[in-house]
Amino acid sequence: MATAATAAKPLLVEVKGLRHFYSGQDHLVLDDVNLELTHGEIVGLLGRSGSGKSTLLRSIAGLIRPSEGISRLVPAPDVPDPSVAMVFQTFALFPWLTVLENVELGLEAQKVPTALARKRALAAIDLIGLDGFENAYPKELSGGMRQRVGLARALVVDPSLLLMDEPFSALDVLTAETLRTDLLDLWAEGKVPIKSILIVTHNIEEAVLMCDRILVFSSNPGRVSSEIKVDLPQPRDRLEPAFRALVDDIYARMTARTEITAPMRDGQTQATSIAMVLPRVSTNTLAGLIEEVDGTPFDGRASMSELADSLQLEADELFPMAELLQLLRFAELRGAELVLTPAARNYAQGDVDQRKALFAQALMAHVPLVQHIRRVLDERASHEAPARRFRDELEDYMSEDYAEETLRNVTLWGRYAEIFSYDEEADRFSLEDEHS
Amino acid sequence: MSSPDRFPYLTGARPLPAFSRMLRLTRPSREDAIAFVILGGLSVVFFHAAQGTVAPLSTLQLAPVTLDPWDLPYYALRTVMRMFAALFASTVFTLVVATLAARSRRAGQLIVPALDILQSVPILGFLTFTVTAFMGLFPGSVLGVECASIFAIFTSQAWNMAFSFYQSLRSIPSDLEEATMIYRLSPIRRFLKLDLPFGTPALVWNAMMSMSGGWFFVVASEAMTVGNTKVTLPGIGSYLDLAIAHQNFHAVAWAVGTMGLVIVAYDQLFFRPIVAWADRFRFEMTASAERPHSWVFDILRKTRLLPVVLSPLGAIGRMLLAFEPRAGSRRIAPDRTARPAFEWAWKVVVGIAVLVALVLTARYAMRYLTWHDALVAVAYASFTMIRVLVLIALASCIWVPIGVWIGLRPAWAERLQPLAQFLAAFPANVLFPFVVIALVRWNLTPDIWLSPLMILGTQWYILFNVIAGASAIPTDLREAADMFHVSGWQWWRQVAIPGIFPYYITGALTASGGSWNASIVAELVTWGNHRLVAHGLGSYIAEATSAGDYARVALGVGVMSVFVLGFNRLLWRPLYAYGERRMRLT
C-alpha cells in the first residue's frame, strides 16, 4: 500500500480496523477502515454523502469514539505531542466574537499568556490575508473571508494535523479556487508548521487538484474502495490531459460499484429484498436528467464528468441520479459513461401519461418495495394498508430515520406513477384514487 | 499563571481600544451628566429601600401601610425590588439548572419533566406553605416575609425561563459544539463563550414575558395570611389590598396609575436596553435589517459607561474561569454513565424515590382527606374548566378577527403590538375592585360575572400572538388570494386561519394556563365587606388558604395541576402538532 518513498517518512495518523455504528442502532456507517497518514502529505477522502468520511474525520479528530478499532495520532521525534485542528464546512465561527477573538479562541483555551496569544493571533490573521478585519464580526464578512477566519483559527494553534471537512463546498466557485490556491501556497512554502492535511470532499476535481493521495469511499457501509496516488506536479492544471484522465478514472471507479449485494441474514441479497438501498431522487430530476442525456449534444450517451459540468452538479449529486437510472434499467454505465436504454429514450419522447406508464412499469419490475406495497394493497379486501406497517418492516433492515426516508421517497414515486395513493393525514396507502 | 482572560461582555462593539478609550480624559458631555445622575439616583434609592427589608418584623406593625398617595413611590420601589430580586434568582436558577439539564443526560431526564410539571402548578396556592418556611429561616425579621414574597414571584418566572434556556442549549449548532471540543475549551469556558451568548436573546425575551407574569403574583403575595395573623409588606399590592378593604376608590385609582408608570419605567430603563444589548448575541450570519432600539442603551454607549455597567459580568466570568483546570483533556472523555450497570443502578434509585414519594403522599392524604374531598375538588375543577373553555372561546371570537385585522396592517401592528404586550404585563388583579363595584351595584350573579376576571389579564396573549401570526403571512400568499378574489368565509378558512393557527395555539395555550392560575384570585373577590364567591377550584383553594387548611390547599393545587397538564397534553399539544404538520407556511 505505502510506497517506499512514503514509508521512509514518519507516521502521523494510524487508523486500524475502524468500525462505527450509529448510536445504539445496527446501522453500520464505517466498516473495517484502515488508514495511515505520513508527514508531508495531503490526503483526500472522497465519497458520496453518507459514506462515513465525515465520521472518519471526526474519529481522527477525537470528536467521536469509534465503536471498534483504533484511531490515533502517532508521536514522532520532532512532534512529541501531535495535535489536531479542524476547518468546518459551515465555518463554525462564533457570531458574537470578533475575528481576532475567534482566532484567539484555541490559544485562550490552552492558557497561552494574553500578550503572546494576541501576537500569534495577529500573525495568523496577517498570514491568511485578513489584515484590517481584526475587529470585524463574522456577519460583516463574505463567505470566503469567514472561511479564512476558520483557517486562521486552525493554523494559530500550530496543529500537526489539519483536518478539513468539505472546507470549500459552501463557497462559490471562484472564492473556493482562490482559497485552495492560497492554502496550497502556504503549504508549499512551508510557512505553516502543519505536518499533514486530511481533507474530506465530494468534489473530484478538488481532490485531484490538492491531494497527494486520494482514498475513494464506497457507501453503505463506508469502506475504502480504492486508493489513488496523484503524482502530477503542483501547481496542477485542470485542463491538462493527464488531469482530465485522472478525473475520469475516479468517476469510473466511483460509479463502477452500483450493485449492492451485501448478503442479508436470511440469505436473500439486497438486490431482491425490500431493504434495497434506494437513491433519493425526485421524479422531476430524473425526467430532467433523461431529457438532458437524450438531447443534443449527448444523444443518449454522456460521460459523467461532462454531464456534471453541463448540469453544474457536484459528482455527489449526480451519482444517485445515475444510480436510479441504472436501477430502473433506464441507463447502463460503461466505464465512466452513462448510456440510455431504449426504454429511457421512449420516456424522453413520451407525453405525461406515457411517461407515467413507463415509470410505473420500471418501478414494478425493479423496485421490490413498490411491488411489495402494491401486492399487499391488492390482496386486502379494503385495498388499504397503514404506512406504519411497511415502515416497521423496513426498520428490520435499517435505522428508523432511514426507513422513514426510504418510504417517503417510494411513496412519492408510487404516487407519481399512480401505482397506489397515499393519505398523509391518516398515514395510509390505498388504491382508491387509481382511476384518475 | 496567565493574566486574566478577556471576556467578551466586558467591552463594547470594538473590544480592542474600548478600555483605553474609557480611561482617556475627555471633556464631559451632556450624556455623561445624564448617565451620572441616573446611576447615582438609582443607587441612593436602592439603598433606602434595601434598609426596609432587613428591619425587624415588628416594624411592620409600627409603620403599617397607609393610604397616603405620597407613600406610593416608596411602596412601588419596594415592590420593584422584590421583582428584581426574584428575576435575579430566576436567572441564576436558570443558568445553573438548565445548563445542567442540557449537559448531563441523566440530570436532563429528571429536570425537564420536573420543569414541565412545575410550569402547570398554580403557584399562589403554595404561598401559605412558603411563608411559614421562610419565616422560620429568618425569625423575627422582615426578610423572611420578603423572601416568601420573592419566592412566590420566583416560582412564576423560573420554570419557563429555565425551559427556554434549556431549549436554546439543545439547539446549538453541532459545528460550534465541535469547534469548542477541537479547540479544547473547558466546560466553564465553553459555557461563557458558547452556551451563555447563544441562549441570551431567548432568555432575555423570556425574562421579559415572565416579568409580566410576576406582577400578578407580587400584587397577590404582599398581603399574606399566616394562620390567624395577617402579614402585610409595604408595596403596591398591600396598598391596593388596604384600599379595597377601606372601599377607597381614589386610592385604588392611585395604585393603578402608579403601577402603569412603574411598568413603563422598567420597560424603558431596564428591558429595552438589555434587549438592544442582547441583539449582538443573536445567532445569525447576516446583519439583520431591524435592530431593537433603546434610548437608554444609546446614552450608555455614547457616554462610554457601557463597559462600566457590564464590568460586573466580566468580573463574574473571570472568577468562574479561575476555577478552570490547568489544561484541557486531549480526547473526549467516554460517557462513563452510559455503562449498563450504571443505567441499572440509576433506574433503581429513581424507582425507589418514586415509591417513597407515593407512600408518603398517600399516608398524608389518608390522614387528612377523604374520597369525598377528592370528589368535591374534581367537581369544582370541572366548573373552573368550563369557565376557562368558554372564556377562551369568547376571547378568541373577539380577538382573532381584531388581531388579524391589525396584523395585516404593518403600520398598525407596529404601534399596537407593544400596547398588547403592556396590557399583558399589567397585573389584572389590580382592576378587580372596579368589577366588584359593578357586580355589587347591579346585583349580578358571581358564578357568571366573576368569570371574565380570569381572562382579563391573559387574553392579551391571544391578541399579540394572532397579530404576530397575521403579519407573518407571506405577502405572495395574500396577493395570490387577492388575485383569485378569495374573500369572506373562504378567505378565513383558507388564508387567515391556517396562517395564524400555530401562533393562535401558542397564545391560547398561554392564556388558558394563566386563566387557571388566575382563578385563585378571580373566583373569590372582596370589596370592603362585600365578598363575592364563584363556585370553582380557584375559590376552593382560596378559601382553604384563608382557613389555614393545608391539606385541602394541597389537594386543590394537585387537582389543578393535573387539569392544566391534561389540558396541555390532550388539547393544546395535539392541536399544535396538527398545526405544525398541516398549516406551516414555510
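Two residues are in contact here if their C-beta atoms, placed from the backbone, lie within 7 Å. Keep that in mind for everything that follows. One caution as well: this is a predicted model.

Let me start with one residue, A:Leu161. A:Leu161 sits in strand β6 of chain A, residues 161–165. What does A:Leu161 touch, leaving aside its neighbours within four places in sequence? The list is A:Leu12, A:Val13, A:Leu73, A:Pro82, A:Val84, A:Lys195, A:Ser196 and A:Leu198. Now take A:Ser83. In sequence, A:Ser83 and A:Leu161 are 78 residues apart. In space, their C-alpha atoms are 6.4 Å apart. Is A:Leu161 buried or exposed? The cut-off for buried is 20 or more other C-beta atoms within 10 Å. A:Leu161 has 22, so A:Leu161 counts as buried.

Step back to the whole of chain A. The assignment divides chain A into domain 1, residues 4–254, and domain 2, residues 283–435. Taken over C-alpha atoms, the centres of these two domains of chain A are 36 Å apart. Domain 1 of chain A puts 13 residues into the contact, and domain 2 of chain A puts in 12. Which helix gives the largest share on the domain 1 side of chain A? Helix α8 of chain A, residues 241–256, with five residues. By type, that side of domain 1 of chain A has six nonpolar, five polar and two charged residues.

How far can we trust chain A? Its mean pLDDT is 84, and 92% of its residues reach 70 or more. Two stretches need care. Residues 1–6 of chain A stay under 50, with five contacts beyond four places in sequence. Residues 258–271 of chain A are also below 50, and the model gives that stretch 21 contacts beyond near neighbours in sequence. Where pLDDT is low, the predicted coordinates should not be read in detail.

On to chain B. Its secondary structure comes to 24 helices and four strands. Of its 586 residues, 39% are buried. Take the contacts in chain B between residues at least 6 apart in sequence: 79% of them join residues at least 24 apart.

Chain B is also assigned two domains. Domain 1 of chain B comes in pieces, 28–50 + 66–282 + 291–323, while domain 2 of chain B is 369–582. Their centres, over C-alpha atoms, are 25 Å apart. In the contact, 25 residues of domain 1 of chain B meet 31 residues of domain 2 of chain B. Which helices of chain B supply at least two residues each on the domain 1 side? α6 (127–137), α9 (187–221), α10 (236–245) and α11 (249–278). That side of domain 1 of chain B has 18 nonpolar residues, seven polar and no charged.

A closer look at α10(B). Eight of its 10 residues are buried. Among them are B:Ile236, B:Tyr239, B:Leu240, B:Asp241 and B:Ile244. After α10(B) comes B:Gln247, with a positive phi near 50 degrees.

Last, a helix pair in chain B. Helix α15, residues 371–407, and helix α23, residues 537–546, have axes that come within 7 Å and cross at roughly 130 degrees. That angle makes α15(B) oblique to α23(B). From α15(B), the contact uses B:Ala377, B:Tyr380, B:Ala381 and B:Thr384. From α23(B), it uses B:Leu537, B:Gly538 and B:Tyr540. The count is five nonpolar, two polar and no charged.

Technical notes:
Residues numbered from 1 in each chain as written. Chains lettered and ligands numbered in written order. Predicted model: local features only at pLDDT ≥ 70, side-chain atom pairs only at ≥ 80, totals over all residues. Axes fitted to C-alpha atoms, helices over the stretch in contact; angles between N-to-C directions. Parallel < 35°, antiparallel > 145°, perpendicular 65-115°, else oblique. Nonpolar A, V, L, I, M, F, W, Y, C, P; charged D, E, K, R; others polar. Buried ≥ 20, exposed ≤ 12 C-beta atoms within 10 Å, placed from the backbone. Domains from an automatic or database assignment. pLDDT = per-residue confidence, 0-100.
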